[in-house]
Amino acid sequence: MRIPLCAAALLVAARMAAGAQAGESHLMRLADVHGDRLVFTYEDDLWTASAQGGDASRLTRDAGAERYAKFSPDGTRIAFTGQYDGGVDVYVMDATGSPPVRLTFHPAPDLVLGWTPDGGSVLFRSRREYPYRGEQVYAVPVGGGTERKLAVDRAGLAALSPDEIKRMVADSQT
């Protein structure tokens with residue numbers, strides 16, 4: 001039984017290598033767009049490119065994984081969820097590339113959703129409150145500081161109106 005499994009694994013690897021040599025594209029995930037710029041995750045790093053197509057530039061090269069990148073409202077910064085040294089936290093960096101700055105330090109995973117309309121805080125979801133099982137939405141100031149929990153029951157996705165009074169929320173449990 002071991003020999004057929006090894007042979008099958010080698011066959012799959014050979015087909016994948018042949019596809020890569022033939023110029024096939026790979027999976028680019030979790031994209032966000034601002035103007036004509038696109039930021040996305042590929043091989044657990046952040047990349048940026050023109051929304052019209054062309055070459056992409058790698059923004060991160062860290063040993064950890066970067067996901068859920070979102071442009072700030074003015075397009076000058078990118079917030080993302082980074083997984084470094086065992087933690088899953090919120091980070092922010094310049095849209096043209098810079099060392100990431102960590103904004104959250106809680107042991108629960110913090111997953112970036114977007115920005116407040118003024119660009120002063122990053123929205124994220126987290127399961128911080130035990131025994132509450134749903135993810136709740138928080139905002140953390142870009143300049144650092146304490147997170148504030150938004151007044152919603154639970155959410156998987158969220159967005160705020162410019163006055164931050166109206167909220168659009170999608171429950172992750174359905």
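## Tyr68, a residue in between

With a relative accessibility of 28%, Y68 counts as partly exposed, because that label covers values between the 20% limit for buried and the 50% limit for exposed. This comes from a predicted model, so keep that in mind as you look around. You can find Y68 in strand β5, which covers residues 65–71. What is the phi of Y68? The angle is positive, about 60°, although Y68 is not a glycine.

## Asp85, out in a loop

D85 also has a positive phi without being a glycine, and here the value is near 50°. To spot D85, go to the loop between β6 (77–84) and β7 (87–94). Is D85 buried or exposed? Its relative accessibility is 87%, so D85 counts as exposed, because exposed means over 50%.

## The overall picture

Strands of a sheet pair through backbone hydrogen bonds, either parallel or antiparallel. Here, four strands line up as an open sheet in the order β9-β10-β11-β12, and their pairing is antiparallel. Which strands stand at the edges? They are β9 (110–115) and β12 (148–149); each has a single partner strand, so one side of each is left without a neighbour in the sheet.

Have a look at the β12 end. Strand β11, made of residues 136–141, runs antiparallel to β12, and two bridges join them. Across this pair, A139 stands opposite R148 in β12.

## Ser50 and its surroundings

S50 is in strand β3, residues 45–50. Leaving aside residues up to four places away in sequence, S50 touches D36 and R37. What about V33? S50 and V33 are 17 residues apart in sequence, and their C-alpha atoms are 9.3 Å apart in space.

A polar atom in the side chain of S50 lies 3.1 Å from the backbone nitrogen of Q52.

Conventions:
Residues numbered from 1 in each chain as written. Predicted model: local features only at pLDDT ≥ 70, side-chain atom pairs only at ≥ 80, totals over all residues. Heavy atoms only, no water. Buried < 20%, exposed > 50% of the residue type's maximum accessible area, 1.4 Å probe, protein only. Pairing = 2+ DSSP bridges. Contact = heavy atoms within 4.5 Å. Polar contact = N/O pair within 3.5 Å; in protein donor to acceptor, adjacent residues only side chain to side chain.
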